[in-house]
Amino acid sequence: MHLQGLLIGLFSFALIGIFHPIVIWTEYHFGSSVWPVFLICGLVCGFASLRIAALLPSALLAVAAFTFLWSIKELKEQEARVARGWFPANPKRQHKHPPKQK
C-alpha cells in the first residue's frame with residue numbers, strides 16, 4: 001500500500017490550518033511589512049525541496065514552500081480585512097488602521 005499521497009494531502013491540509021492563525025497573528029503584531037520573512041522561508045524550503053532526492057520529504061518541503069509564498073498574499077489580504085473591521089486592529093499600531101467610523 002502506498003501512503004505517500006495521503007500523507008502529502010494530510011500535511012497540506014495541516015499546513016493550511018496552521019498558517020491561517022500564523023498570518024492573523026503576524027499581521028496583528030507586525031503588519032504586512034514582514035512579508036520578506038515569508039518569502040525567504042518559502043525560497044529556502046523550495047530550494048531544499050529541489051536538493052532532496054527522496055520523494056516524500058521533497059514533496060513536503062515543496063508544499064511548505066508554496067504555503068509560505070501564499071501567506072505573503074494572505075498577509076496583504078489580512079491587512080485589508082483589519083481595515084474593514086472584520087478583525088481587531090492592534091492598538092499599538094492604530095496609525096496603520098484607523099478606527100471605523102459609525
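How many disulfides does the structure hold? The structure, which is a predicted model, holds zero disulfides. The protein chain has three helices and zero strands, and from the N terminus on its elements run α-α-α.

**Overall form**

- The C-alpha trace of the protein chain spans about 60 × 25 × 15 Å along its principal axes.
- Whereas a compact globule of 102 residues would have a radius of gyration near 13 Å, the protein chain has 17 Å.
- Of the 102 residues in the protein chain, 28% count as buried, and the accessible surface comes to about 7100 Å², of which 74% belongs to carbon and sulfur atoms.
- When contacts between residues at least 6 apart in sequence are considered, 66% of them join residues at least 24 apart.

**The cysteines**

- A disulfide is a covalent bond between the sulfur atoms of two cysteines.
- The cysteine sulfur closest to that of Cys-41 is in Cys-45, and because the two sulfurs are 6.7 Å apart, they are too far from each other for a bond.
- For comparison, a disulfide is counted when the two cysteine sulfur atoms lie within 2.5 Å.
- Cys-41 is partly exposed, with a relative accessible area of 27%, while Cys-45, at 14% relative accessibility, counts as buried.

**The salt bridges**

- Side chains of opposite charge can pair when their charged atoms come close.
- A search of the whole structure finds four salt bridges, and Lys-73, Glu-74, Glu-77 and Arg-81 are linked in a network of such bridges.
- Why are Glu-77 and Lys-73 separated by about one helical turn? They are so separated because they stand four residues apart in helix α3, and Arg-81 and Glu-77, being four residues apart in helix α3, are likewise separated by about one helical turn.
- Lys-73 is partly exposed, with a relative accessible area of 35%, and Glu-77 is partly exposed, with 30%.
- Glu-74 counts as buried at 19% relative accessibility, and Arg-81 counts as buried at 16%.

- Gln-78 has its place in helix α3 (residues 55–83) and is buried, with a relative accessible area of 1%.
- If residues up to four places away in sequence are not counted, Gln-78 touches Val-23, Ile-24, Glu-27 and Phe-87.
- Gly-46 lies in helix α2 (residues 35–51) and counts as partly exposed, at 22% relative accessibility.
- From C-alpha to C-alpha, Gly-46 and Leu-69 are 9.9 Å apart in space, although 23 residues separate them in sequence.

Key
Residues are numbered from 1 along each chain as its sequence is written. This is a predicted model: local features need pLDDT of at least 70, side-chain atom pairs count only at pLDDT 80 or more; totals for chains, interfaces and linings use all residues. Side-chain values use heavy atoms; hydrogens and water are left out. Helices (H or I, at least four residues) and strands (E, at least two) are DSSP runs, numbered from the N terminus. Buried means under 20% relative accessible area, exposed over 50%, partly exposed in between (1.4 Å probe, protein chains only). Contact means heavy atoms within 4.5 Å. The radius of gyration is taken over C-alpha atoms; the globule rule is 2.2 Å times the number of residues to the power 0.38. Accessible areas come from the Shrake-Rupley method with a 1.4 Å probe; for residues, only the protein chains shown count as cover. A salt bridge is a side-chain nitrogen of Lys or Arg within 4 Å of a carboxyl oxygen of Asp or Glu.
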